[in-house]
Amino acid sequence: MKVTLITHTPIPEKIVASSAKLCYSAATIDTLMDGLTEEKSSAFVDMLSEIGHESPIEHASFTFGVEGVSRSLLAQLTRHRMASYSVQSQRYVREKMFDYVLPPEIEAIPEAAAEYRKAMEEDQAHYDRLTAILKDKHLKEMLDAGMDEKEANRAAEKKAIEDARFVLPNACATKLIMTMNARSLMNFFHHRCCNRAQWEIRELAEEMYKLCIEAAPHLFSKAGPKCVHGACPEGKMTCGKAKEVREHYASLRPNKE
């Protein structure tokens, strides 16, 4: 897995602070930024966190590039609807020796890992054979219809992989660009940094958390699983490791905060 913070709202904490300032003062749009130093911006953001006023943090957004994650993760990720996603298409991009995600629990058992890799190889073979069979059919139809051979080859392959992709596994690796505002990210971290989250999306969430806390330490001062800044909300389903989780997330925070 590779996670990159491609870009984010410039001076995110100052933008959030200025949005909050407009709510609580007689400032005009032209004077919002006047006297709003880094220290005052941080204090404003901390105050918002304390009183639970979350809407101003929606004005800061963060865009990530994500590679080496599974289609299984993608299905979970897009449940977070207050976000924008651009995902590499299996409809337009042919999977040639597709990369895949190997779950750690399977990798830890040689026999299981061997069986898993064999399944991936078989899936690739089925995909390639289906693509070839379908492409031959579509190509003949297109040539018979008078289409140019070069154009027909391209169109026939696209149409073939559109259906052949159905045989590809959830393990198949994908890449995407994702944008979330800070409020949505807070919700994402609350749920997906939790020990009860599935391992792959938890790993993604923690990598995103580390990038966000570095870029805007005050804005994400209470980010992470809910037990970091309060009681565990999982009830009898708790992992029972709140102390260890708090220590872990404390170790991830930048010294400059």
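Visitor: Which residues does Ser 19 contact, once its neighbours within four places in sequence are left aside?

Guide: With those neighbours left aside, Ser 19 is in contact with Pro 56 and His 59, where contact means heavy atoms within 4.5 Å. This is a predicted model, in which local features need pLDDT of at least 70, side-chain atom pairs count only at pLDDT 80 or more, and totals for chains, interfaces and linings use all residues. Residues are numbered from 1 along each chain as its sequence is written, and side-chain values use heavy atoms, with hydrogens and water left out.

Visitor: Why is Ser 19 called buried?

Guide: Buried means under 20% relative accessible area, exposed over 50% and partly exposed in between, with a 1.4 Å probe and protein chains only; Ser 19 has 17%, and is therefore buried.

Visitor: What makes a set of residues a nonpolar core?

Guide: Its members are buried Ala, Val, Leu, Ile, Met, Phe, Trp, Tyr and Cys residues joined through side-chain atoms within 4.5 Å. The largest such core has 41 residues, and Phe 62, Phe 64 and Leu 185 are among those touching the most other members. Apart from it lies another core, of ten residues, including Leu 102 and Ile 161.
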